[in-house]
Amino acid sequence: MKDFIFSSPTKIIFGKGTEEQVGKEVKNYSNKVLLCYGGGSIKKYGLYDKVVKALKEEGIEFVELSGVKPNPRLSLVQEGIKLVRENNIDFILAVGGGSVIDTAKAIAMGVPYEGNVWDFFEGKAELKEALPVGVILTIPATGSEASDATVITNEDGWYKIGFHHELLRPKFAIMNPELTYTLPPYQTACGVADIMAHIMERYFVNEEGVELTDRLCEATLKTVINNARIVLKDPANYNARAQIMWAGTIAHNDLLNTGRGRGDWASHRIEHELSAIYDIAHGAGLAIVFPAWMKYVYKNNINRFVQFAVKVWDVDLPYENLEEIALEGIRRTEEFFKEIGLPVRLKEAGISDDRFEEMADKCTKGGTRTIGDFVKLNKEDIIKIYELAR
């Protein structure tokens with residue numbers, strides 16, 4: 001077990017009607033905010049009106065930035081930075097899912113910085129200050145509501161890159177599971193795959209002596225799997241929605257990787273190239289990539305894959321050897337993604353095989369670096385994983 005420092009300073013406000021507290025929470029930080037959100041769903045279902053009412057009751061002025069898309073774009077981040085500077089705003093309020101939150105975080109990074117905010121994502125600048133961010137979460141998936149990360153897509157070349165820094169953890173996250181009742185089944189499923197991927201990135205490590213976090217990872221995975229099946233049949237099941245929403249936060253606030261290191265993250269890097277170029281939903285891309293990655297690397301530490309099969313998927317059949325058990329765990333992972341309506345092959349998502357080398361090249365910066373920690377992967381390895389996912 002590795003030494004670690006753990007800090008998760010985001011205040012979590014969880015439960016029914018909690019969105020009505022947003023004005024009082026924002027008031028602790030600012031009297032003028034940028035209200036950042038996506039499309040029309042928060043207006044269609046009444047959340048926008050509740051937020052505006054709560055802000056006005058506290059005398060908080062706001063400027064709006066709407067139009068955030070999945071795989072959030074750098075151009076909108078730059079528009080937001082300009083708005084914040086022009087209006088002397090000192091707080092960003094994100095109302096939505098991970099794309100909205102990531103956009104808000106990137107704006108918060110860029111406002112105090114004199115250069116191009118993309119410099120941070122390319123490793124050309126060091127983050128020294130950022131505006132505070134608050135969140136009302138509407139889509140459990142990315143865990144961005146309590147993480148130190150933001151992921152942005154640059155339309156110039158279609159590069160999708162993540163950036164991590166403790167300054168990016170939101171000051172508060174308001175989480176009402178009722179706000180997720182209206183999510184379409186496919187969006188719910190994509191969120192489930194994203195949550196599972198965050199846990200699995202941390203689970204597949206070579207570190208020994210991590211029994212506690214192994215059990216936490218396994219329990220969180222089983223909780224998500226069990227409750228995903230419930231909400232896809234009963235979308236307004238509050239308890240099941242609550243389990244998934246809280247699991248999404250736990251999956252990515254770094255609790256599960258204490259003592260284990262940051263995790264592998266090769267599958268995320270490989271998927272980012274898919275969603276950058278083809279604009280596929282991140283969770284759907286992970287449902288395609290993760291089983292392919294598993295098939296490619298499982299022999300590196302077969303005991304960990306056996307443990308995954310037994311503890312998460314209850315594999316207890318009298319298989320002849322460890323390899324059969326490991327492969328059955330991978331098969332059940334893939335079958336679950338199919339069960340909840342996600343693609344598990346590139347062709348099922350309408351993605352051809354003519355850009356594998358380009359994506360692997362971007363992933364490895366022209367073949368000059370490797371990715372992953374469980375197994376170090378080079379450009380050729382990544383191409384082979386895309387081929388397994390074909």
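This is a predicted model: local features need pLDDT of at least 70, side-chain atom pairs count only at pLDDT 80 or more; totals for chains, interfaces and linings use all residues.
Residues are numbered from 1 along each chain as its sequence is written, and side-chain values use heavy atoms, with hydrogens and water left out.

**Helix α7 against helix α9**

- Two packed helices are described by the angle between their axes and the distance between the axes.
- Here, α7 (residues 185-203) meets α9 (residues 238-250) at about 40°, and the axes lie 10 Å apart. Helices are DSSP runs of H or I with at least four residues, numbered from the N terminus. Axes are lines fitted to C-alpha atoms over the stretch in contact, with angles from 0 to 180 degrees between N-to-C directions.
- That makes the pair oblique, the label left over once angles under 35 degrees (roughly parallel), over 145 (roughly antiparallel) and 65 to 115 (roughly perpendicular) are taken out.
- The α7/α9 crossing is left-handed, meaning the near helix is turned anticlockwise from the far one by less than a right angle.
- On the α7 side, T188, V192 and I195 make the contact, and α9 brings R241, I244, A247 and G248. Contact means heavy atoms within 4.5 Å.
- By type, the contact residues split into four nonpolar, two polar and one charged. Nonpolar covers Ala, Val, Leu, Ile, Met, Phe, Trp, Tyr, Cys and Pro; charged covers Asp, Glu, Lys and Arg; the others, Gly among them, are polar.

**The loop between α9 and α10**

- N253 sits in the loop that runs from α9 to α10 (266-278), and D254 is in the loop between α9 and α10 too.
- N253 counts as buried at 7% relative accessibility, and D254 is buried at 8%. The cut-offs are under 20% relative accessible area for buried, over 50% for exposed and partly exposed in between (1.4 Å probe, protein chains only).
- Beyond its neighbours within four places in sequence, N253 touches F6, S8, A146 and R169.
- D254 isn't a glycine, yet its phi is positive, at about 85°.

**The loop between α14 and α15**

- K365 is in the loop between α14 and α15, and its phi is positive as well, near 50°, in a residue other than glycine.
- G366 lies in the loop between α14 (356-363) and α15 (379-388) and is partly exposed, at 45% relative accessible area.
- From G366 to K379, 13 residues along the chain, the C-alpha atoms are 8.1 Å apart.

Key. Helices (H or I, at least four residues) and strands (E, at least two) are DSSP runs, numbered from the N terminus.
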